[in-house]
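Thanks for coming. I will go through one model today, starting with how its parts meet and ending with a single side chain.

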Amino acid sequence: MEHGFSDDYHSFSDALITWYRTHGRHDLPWQREPNVYHVWVSEIMLQQTQVATVIPYFERFIAAYPEIEDLAAASIDEVLHLWSGLGYYSRARNLYRAAAVVVSEHGGNFPRSLEDLLTLPGIGRSTAGAILALAYELPFPILDGNVKRVLTRRYAVHGWPGTTAVLKRLWTLAERLVPQNGIREYTQAIMDLGATVCTRKRPRCGACPLRRECKAYHSDQVSTIPTPRPRREIAERDVVFLVIQNKTGAILLQRRPLEGLWGGLWSCPEIAQESELVGSLASLGFQNLRIHQRLSSLKHSFTHIRLNIHPLLIHADGITNQVREAVDLCWYSGEDSLKIGVSAVVPLLLKSLRSRSYREICYDENG
Ligand code: SF4
């Protein structure tokens, strides 16, 4: 049955803006003193992350680095420390690199053109559009996850939005829908609608300003659009973590390479299998250490790989060996001891080591 669908793009933006004025979010921390730096940091943090999670991270980040020059002058360890727990750490590394470029090549002023923005690390077309629309009020579209969901449902676009053909169609739609006036409110409105009404699960169509012309709603396809991402195999990898603990309870951490899993974060030295243990300990400056205990295995999933982590507790107390002096090694006893970003398993391991069960076992075996 037809419902008089209209391609009146003005009514789309008008309906959203009117809805936003009453029902949108107006007091998010990055909206209080809107400037391009705040818009950029918030947009990067909001990628694949919900607003409620981002708010405390954003506030801590801006308190530490009030201006882009402060971020550019920081150390990557401090930045990753503030990012710890937010995940997708390449975002933090790119933010840091982009800050350095903006300061060194643009005199601290964010570019105002799409082309220049796209040259900055970590800024794709949607983030660039958000910066241009929200900070500079220029009529550029965005196409983040929320907007993709709204558009695919409103226009009944089939096919997984990750494919080139679907993406192209969505960008075309997004471009046509951009209003010439009120771009800031419109952009905020479509993001808010996707986050609070046209949600992935149980959308509130009854409260939606687009319902009258929404094709998915009228054809009863809301639960099947957008087409989900095809299932993909998640690879598994077994790794051995060396939990080398000194007599103060601190454990030895090693900085991971900037690229790859937990890039730039500090974590336990890692080997592929136990047969590499002696050589690895020697390269760290230890000799004659032995495995004290095999700790419970941990699993940690990334988007494309799952790690099965087998931690080996190795005590360094009473041993005269000195850990080799190196910039990529440190002793770490908890969040307050050093301002560095650590992998997600480090706090878990420290907590386990402090727990009664492990202490008892350790002391028993030491005894
Ligand atoms: Fe989304 Fe429902 Fe609104 Fe359509 S009517 S845009 S499915 S919330």
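How much area is buried between domain 1 and domain 2, and what share of it do carbon and sulfur atoms give? About 910 Å² is buried between the two, and carbon and sulfur atoms give 53% of that. Keep in mind that this is a predicted model.

On the side of domain 1, three residues stand out. Asp 77, His 81 and Arg 93 supply 57% of the area that domain 1 buries against domain 2, which is more than any other three residues.

Let me step back to the layout. Domain 1 covers residues 5-218, and domain 2 covers 235-364. Nine residues from domain 1 and 15 residues from domain 2 take part in the contact. Between the C-alpha centres of domain 1 and domain 2 the distance is 38 Å.

For the protein as a whole, the C-alpha atoms fill a box of roughly 80 × 50 × 35 Å along the principal axes. The protein has 16 helices and eight strands. Of its 367 residues, 47% count as buried. If we take the contacts in the protein with a separation of 6 or more, residues 24 or more positions apart account for 68% of them.

Which residues form a salt bridge, with the closest N and O atoms 3.0 Å apart? They are Asp 77 and Arg 255. The count of salt bridges between domain 1 and domain 2 is one. As for polar contacts, five residue pairs are found across the interface of domain 1 and domain 2.

Which helix gives the largest share of the side of domain 1 that touches domain 2? That is helix α6, residues 76-83, with five residues. By residue type, that side of domain 1 divides into four nonpolar, two polar and three charged residues.

The last item is Thr 127. Thr 127 sits in helix α9, which runs over residues 125-135. Is Thr 127 buried or exposed? Thr 127 has a relative accessibility of 8%, so it counts as buried, the cut-off being under 20%. Leaving aside residues up to four places away in sequence, Thr 127 touches Glu 43, Ile 44 and Gln 47. With one of these, Gln 47, the side chain of Thr 127 makes a side-chain polar contact of 3.1 Å.

That is the end of my part. Comments are welcome.

How values were computed: Residues are numbered from 1 along each chain as its sequence is written. This is a predicted model: local features need pLDDT of at least 70, side-chain atom pairs count only at pLDDT 80 or more; totals for chains, interfaces and linings use all residues. Side-chain values use heavy atoms; hydrogens and water are left out. Domain bounds come from an automatic or database domain assignment. Contact means heavy atoms within 4.5 Å. Buried area is the accessible area (1.4 Å probe) that two parts lose on being put together, summed over both. A salt bridge is a side-chain nitrogen of Lys or Arg within 4 Å of a carboxyl oxygen of Asp or Glu. A polar contact is a pair of N or O atoms within 3.5 Å; within protein, one must be able to donate a hydrogen and the other to accept it, and residues adjacent in sequence count only if both atoms are side-chain atoms. Helices (H or I, at least four residues) and strands (E, at least two) are DSSP runs, numbered from the N terminus. Ala, Val, Leu, Ile, Met, Phe, Trp, Tyr, Cys and Pro count as nonpolar, Asp, Glu, Lys and Arg as charged, and the others, Gly among them, as polar. Buried means under 20% relative accessible area, exposed over 50%, partly exposed in between (1.4 Å probe, protein chains only).
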